[in-house]
Amino acid sequence: MQRIAIGIDLGGTQVRAALVDERGNLIARCEERTDAQGGPDRILAQIRGLADELVATSKPSAIVGIGVSAPGPIDTVAGIATSIPTLSGFTDFPLREELQKRFSFPVSLENDGIAAAIGEWQFGAGKGVDNLVYVTVSTGIGGGVVSDGRVLRGRKGMAAHIGHMSVMPNGEPCPCGNRGCFEAYGSGTAFTRRARAWAAEHRSTTLGKSGAEIHSRDVFSAARSGDSLANQLIEEEAEILGRGFTSLIHIFSPDILVMGGGLSNEFDRLQPGIRNYIKEWAMPGFKDVELFRAALGQNSGLIGAAALAFLSENIRLDLPLINADH
Ligand SMILES: [Zn+2]
């Protein structure tokens, strides 16, 4: 019988749900806007509603479990959300227990960066690899690490909050409350903020003339039409990411780096610059680590959450936790 898992990707703007098979294929999916101000009961009702919608389309006996990816940091050892900045009311909230109360399937809970890393490792760009670092560059920067063929979770399961590496004393403010984090310089939000500031100072350029609120896609499109300011902004972004990625390469010695998130839509434009900085700044022996675009696109976390259900099922059956295709 075909085995299926339910994956849930709880984000600040969307709650997405999917039925996923053991090969990582999406069989069915649905989503709705997150009621970010609605509080935990409302969010849990949204998750339950989407899952019920999916279960109605399949044989419930085929479903092995449900995996939930949520914005962290979440203590996944205790199952408690200490605080979720993008969702109100999740303060010291027993998220896993409350989820489990609502489902007859076993529930797994994961920090979103780790869930996405698992998705790419099991079914995406990192298939068959034992060491990878996944980085999502979007509104913020997050990530997850697979090391020696195991998911790195660390104390409280909160490892790999890559965006909050401190890179600058008294630097730019970060949503985490600190200053000078990698995220405060390299995220899509930071990129857009720089683009708006530069455009205001250079009114004669295409970017400066555009007048409207600039988004990252406007910078890339101006760059494609030869705008030198836009190209300079992109080179700077590639340098910031390249330097951060070089630190990750030195710390984890991954076989590959995988980049996901909104800015990875412009991967082809950013990749050569990032590669150059890695080549320049990585120590000999680390310079040849390749960077790939997330193969599952915006579904890394959704599929990774479902993969959790298969992986935790293997733990319960006491089977070795190995990559499915090995
Ligand atoms: Zn921070």
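Two strands pair if DSSP finds at least two bridges between them, and strands here are DSSP E runs of at least two residues, numbered from the N terminus, as are helices (H or I, at least four). The model is predicted, so local features need pLDDT of at least 70, side-chain atom pairs count only at pLDDT 80 or more, and totals for chains, interfaces and linings use all residues. Residues are numbered from 1 along each chain as its sequence is written, and side-chain values use heavy atoms, without hydrogens and water.

**Exercise 1.** State the strand order of the open sheet of 5 strands, and find its edges.

*Solution.* Step 1: the order is β3-β2-β1-β4-β7, with mixed pairing. Step 2: β3 (26–33) and β7 (107–111) each have a single partner strand, so they are the edges.

**Exercise 2.** Describe how β1 and β2 pair.

*Solution.* Step 1: β1 (residues 4–10) and β2 (residues 14–21) are antiparallel, over 7 bridges. Step 2: in this pairing I4 stands opposite D21 in β2.

**Exercise 3.** Identify the donors of the zinc ion and the geometry around it.

*Solution.* Step 1: H164 (ND1), C174 (SG), C176 (SG) and C181 (SG) coordinate the zinc ion at 2.0 to 2.4 Å; donors are N, O and S atoms within 2.8 Å of the metal (3.2 Å for Na, K and Ca), and water is not among the atoms, so sites may look incomplete. Step 2: their spacing in sequence is H-x9-C-x1-C-x4-C. Step 3: the 4 donor atoms subtend angles of 105 to 119 degrees, so the arrangement is tetrahedral (four donors, all angles between 85 and 135 degrees).

Key:
Four donors count as tetrahedral if all angles lie between 85 and 135 degrees; four count as square planar and six as octahedral if opposite donors are over 155 degrees apart and all others between 65 and 115; anything else is irregular.
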